[in-house]
Amino acid sequence: MSQSRLVSLTCAAALMALTTNAASANTQEDQTSVSATPPIAEKREHTYTHHGVTISDPYDWLYDKSYPTIDDEDVLDYVKAENAYFEAKMAGQEELTESLFKEMRARIKEDDSTVPQRSGNYMYWSEFEEGAQYRKHYRKAVGASEGAEPQLILDQNALAEGLEYFRLGALSVSKNGRFLAYSTDTNGSERYTGRIKDLETGELLADEMPNLRGGLTWVAGDSALVYTPSTEEWRSLEIKLHTIGQPNDTDVSLYLEDDQSFSVGAGLTAQEDYLIIASGDNETSEVRFVSADNPTGELTLVKARQRGVEYSVDIRTDDSGAKLWVWTNDDHINFRLAKADVATPGEWETVIAGSNDFYLTDFELFEGFFVTEGRLNGLDSVQIRRYGAPLEIEPISFPEASYDAGLTYNPEYDQTVLRLSYESMVTPDTVYDYDVAAKTLTTLKTQEIPSGYDASLYTSERVEIEARDGTMVPVSIVMRKDRAEILEQAGIEGPGPLHLYAYGAYGYAVPPGFSTTRLSLVDRGFAYAIAHIRGGDDLGRRWYLQGKMFERTNTFNDFVDAGRGLIAKGFTGEGMVTASGGSAGGELMGAIINQDPSQYGAIVSHVPFVDVLNTMLNKDLPLTPGEWQEWGNPIESKASFAYILSYSPYDQVSAQDYPPMLVTAGLNDPRVTYWEPAKWVARLRDVKTDNNLLLLKTNMGAGHGGQSGRWNSLKETAEEFAFILWQMGMSEGAE
């Protein structure tokens with residue numbers, strides 16, 4: 001089912017002796033040399049007026065108006081100067097950064113592979129070779145001898161050779177197994193190029209589909225691909241059909257969306273006999289379908305869009321005919337599952353009613369049963385259900401009280417054994433097969449940590465913190481059982497540091513999962529906590545809605561109050577909370593330091609969405625029209641303008657002390673444009689009253705996700721942790 005939900009929106013280390021000497025000196029900016037002097041952005045007069053309110057924005061010039069081309073020399077000079085300052089200040093932490101990188105890398109099995117999974121006549125898997133940055137993708141015919149040589153179908157390392165940035169997008173093998181379609185991004189702009197490889201001959205076909213968004217879907221008897229091109233404004237508004245061997249100018253438009261705030265996507269149904277074309281924004285859906293064998297045929301509309309109604313569909317054909325299955329919130333906030341005849345697709349009959357207790361998040365159809373996924377009391381629930389009435393429910397049981405679990409890749413419609421993943425804050429990622437008939441879980445693979453990992457050394461708990469409006473906010477925490485002894489050995493008095501993480505937007509629930517990199521903080525005496533704040537859908541759909549639009553500030557208040565509550569419960573102390581978040585979570589970082597800066601000892605804000613008001617006022621930016629349903633439209637609504645202005649981190653920077661901060665950006669980032677963090681840092685430098693360190697690092701050849709490649713990405717995490725440890729006085733390599 002998840003394939004067709006296309007538009008509704010990734011060894012305990014040896015303990016180190018830690019010192020706290022010179023902690024205050026480590027947080028003071030050194031003004032003794034040019035290289036260690038923070039860049040001061042020029043203030044250029046710029047004002048604008050909306051709804052009778054005039055806003056001064058002296059750093060507007062950092063927005064290169066030729067974007068997405070960025071060639072303004074003044075802008076580039078400033079960004080480069082900030083990078084030079086970052087390098088100069090972090091130079092004293094190179095030894096710590098390298099040490100962290102080595103211990104993080106030692107926890108990763110370098111020559112790792114995924115568990116093979118059947119699709120059609122082949123078993124597919126991918127592998128990392130020792131030292132490699134990227135994966136190789138393999139397959140072997142079902143029934144082949146154990147010693148048979150696998151076929152290498154794609155080598156990402158070869159594709160990435162000589163490139164500063166590389167990311168694989170779509171990867172799709174034709175149903176007959178002959179062709180491989182894939183797409184790549186080589187600069188972080190998320191504008192992918194699609195190619196086709198003949199797996200029988202190894203030949204790379206001349207076909208090339210540039211500027212793609214989304215997947216590549218085989219149709220018409222494996223003779224054609226359905227894809228989504230990107231507009232010049234980086235919007236996905238059209239579904240097109242490319243026939244192998246034909247020039248791109250003959251590609252057929254299957255669907256074109258008129259509403260600039262909507263995005264479109266396409267995929268196949270469970271039996272791969274229908275093509276689903278879905279269109280929607282953050283709160284409204286509209287779906288059409290057509291035979292996958294005749295994709296240029298007339299599209300059938302399921303139900304016309306209705307503001308606030310989300311739905312997605314799958315189709316199952318059995319002896320009684322073809323039935324449409326529909327996941328929708330039309331009559332319950334936590335969604336219901338319904339059915340309809342294909343001939344009357346808009347007449348929905350309830351199969352599973354919406355529930356205040358069970359939040360239905362997904363479903364997937366198989367030949368003999370279907371699976372529903374959701375959350376029960378905030379915890380993942382995977383349930384097997386048989387066709388027919390009454391519906392028999394078979395929940396899959398998991399061994400811990402708090403965990404992250406769900407279906408993974410199950411491509412076969414007649415599958416009788418389901419592939420699942422499971423992890424918790426103390427249990428590494430585990431791959432299971434669940435035998436539906438026998439109702440048994442078989443462990444196929446547990447994440448290997450070469451340098452060693454002993455789960456018995458750690459403890460995890462879930463606590464509830466009361467927010468200022470009385471709402472109880474769950475927080476998941478992991479720490480060493482011997483944390484007190486670690487802190488004592490390090491000479492740290494009191495409860496010790498705690499790192500608090502959250503996202504809090506778009507209904508994304510941060511799962512209480514496992515992390516090998518996190519151990520580098522936890523093994524040094526940190527508690528690590530995930531705040532399940534409103535704006536995510538951790539406790540159901542209403543939890544999400546209470547953190548968007550005119551209730552957005554609940555998200556920020558929940559995070560601040562969670563930190564305060566953890567201090568009150570003795571997990572940490574005043575000024576000992578470090579925090580991080582990215583994108584909308586970066587916006588969160590900006591809001592919480594404006595509100596309660598004294599709580600935090602260090603902040604890391606990745607690609608932060610902090611210039612909220614200006615971005616929502618700029619309808620020409622790639623994502624803005626589609627974001628109005630999440631944040632509000634300040635162009636048309638005076639109330640939205642005032643509310644966004646009241647919390648927009650860039651606009652609310654004030655003359656007060658701020659904690660030490662590391663801010664990151666991507667020059668090619670199409671989601672949060674580089675100038676948002678650049679403008680924010682410039683204003684903070686001008687206004688803040690402290691001498692705490694403020695660093696901005698802009699990846700000049702990357703986008704929203706930072707550097708590509710597993711080691712490059714890991715090095716950036718090591719830099720982040722080195723900064724945190726340094727600012728908390730837990731670095732021996734301080735300058």
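A crossing of two helices is left-handed if the near helix is turned anticlockwise from the far one by less than a right angle. This term is used in the first of the legends below, which describe close-up views of a predicted model.

**Figure 1. Packing of helix α2 against helix α13 in the predicted model.** Helix α2 spans residues 73-90 and helix α13 spans residues 675-687. Their axes lie 11 Å apart and meet at an angle of about 65°. Angles of 65 to 115 degrees count as roughly perpendicular, and α2 and α13 are therefore roughly perpendicular to each other. The crossing of α2 past α13 is left-handed. On the α2 side, the contact is formed by Y78, E82 and Y85; α13 contributes A678, V681, A682 and R685. Five of the residues in this contact are nonpolar and two are charged, while none is polar.

**Figure 2. The open sheet formed by strands β18, β19, β20 and β21.** The four strands are arranged in the order β18-β19-β20-β21, with antiparallel pairing. Strands β18 (311-318) and β21 (349-352) are the edges of the sheet, each pairing on one side only. From one strand to the next, the twist averages 30°.

**Figure 3. Pairing of strand β20 with strand β21.** Strand β20 comprises residues 336-341 and is joined to β21 by three bridges. The two strands run antiparallel. L337 has I352 of β21 as its bridge partner.

**Figure 4. The cis peptide bond between Y67 and P68.** Omega of the bond from Y67 to P68 is near 15°, and the bond is cis. P68 is situated in the loop that lies between β2 (53-56) and α2. Most peptide bonds, by contrast, are trans.

Figure 5. Most residues other than glycine have a negative phi. The loop that holds D222 lies between β10 (204-219) and β11 (224-229).

**Figure 6. The segment of residues 1-34, where pLDDT stays under 50.** For residues 1-34, the model has 101 contacts beyond four places in sequence. Where pLDDT is low, the predicted coordinates should not be read in detail. For the protein chain, the mean pLDDT is 91, and 93% of the residues reach 70 or more.

Definitions and conventions. Residues numbered from 1 in each chain as written. Predicted model: local features only at pLDDT ≥ 70, side-chain atom pairs only at ≥ 80, totals over all residues. Heavy atoms only, no water. Pairing = 2+ DSSP bridges. Axes fitted to C-alpha atoms, helices over the stretch in contact; angles between N-to-C directions. Parallel < 35°, antiparallel > 145°, perpendicular 65-115°, else oblique. Contact = heavy atoms within 4.5 Å. Nonpolar A, V, L, I, M, F, W, Y, C, P; charged D, E, K, R; others polar. pLDDT = per-residue confidence, 0-100.
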